[in-house]
Amino acid sequence: MCHSVRTALAASNCCSIVLCCVLLLTLTLTVAVTAQHNQADETCETLPSEIHLIKEEYDELGRLYRTCNGDVTVNKCEGKCNSQVQPSVITATGFLKECYCCRESFLRERQLQLTHCYDPDGVRMTDHESATMEIRLKEPVDCKCFKCGEMVR
């Protein structure tokens with residue numbers, strides 16, 4: 001009887017060691033898989049986009065002086081980034097989430113000119129100084145997939 005108890009304990013310890021090795025191997029594989037971000041079928045890119053801008057200008061007393069508008073082409077980020085959810089023994093939820101978003105990796109400042117300016121009554125302004133308005137805006141120069149929630153520097 002004593003011999004069979006020792007055999008059962010030895011088998012139990014052996015199973016515990018095997019289970020521990022399986023968990024360690026699973027953990028190692030999970031970390032190795034998440035360290036690699038598959039970029040094969042991502043389509044994140046910088047594309048031109050036409051937008052309509054309206055900018056109002058006020059005098060020193062806060063009264064509307066003029067409203068200028070125009071259609072301009074600016075860059076935008078658009079596309080698909082790979083994300084995944086997989087089982088994990090190291091997270092509280094039991095799943096490891098890797099989310100990626102298409103975002104700008106670099107911005108540039110552009111100076112644009114709005115050429116349709118109107119006074120508060122809606123009359124188009126024609127004098128050289130008031131007929132156009134210079135504005136500045138930032139647009140993406142390059143886009144790529146970033147881990148969601150990461151701030152771009």
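1. Buried means under 20% relative accessible area, exposed means over 50%, and partly exposed lies in between (1.4 Å probe, protein chains only). By that rule Cys81 is buried, and so is Cys145.

2. This is a predicted model, in which local features need pLDDT of at least 70, side-chain atom pairs count only at pLDDT 80 or more, and totals for chains, interfaces and linings use all residues. Residues are numbered from 1 along each chain as its sequence is written, and side-chain values use heavy atoms, with hydrogens and water left out.

3. A disulfide is taken here as a pair of cysteine sulfur atoms within 2.5 Å. Searching the whole structure gives five disulfides. Counting bonded cysteines along the chain, their pattern is 1-6, 2-7, 3-8, 4-9, 5-10.

4. Cys81 and Cys145 are joined by a disulfide, S to S 2.1 Å. The torsion about their S-S bond is about -90 degrees, so this disulfide is left-handed.

5. Cys77 is joined to Cys143 by a disulfide, with 1.9 Å from S to S. This disulfide is left-handed because the torsion about the S-S bond of Cys77 and Cys143 is about -80 degrees. Cys77 has 22% relative accessibility and therefore counts as partly exposed, whereas Cys143, at 6%, is buried.

6. Between Cys44 and Cys102 there is a disulfide with the sulfur atoms 2.2 Å apart. The link of Cys44 and Cys102 is right-handed, with 80 degrees about the S-S bond. Both Cys44 and Cys102 are buried.
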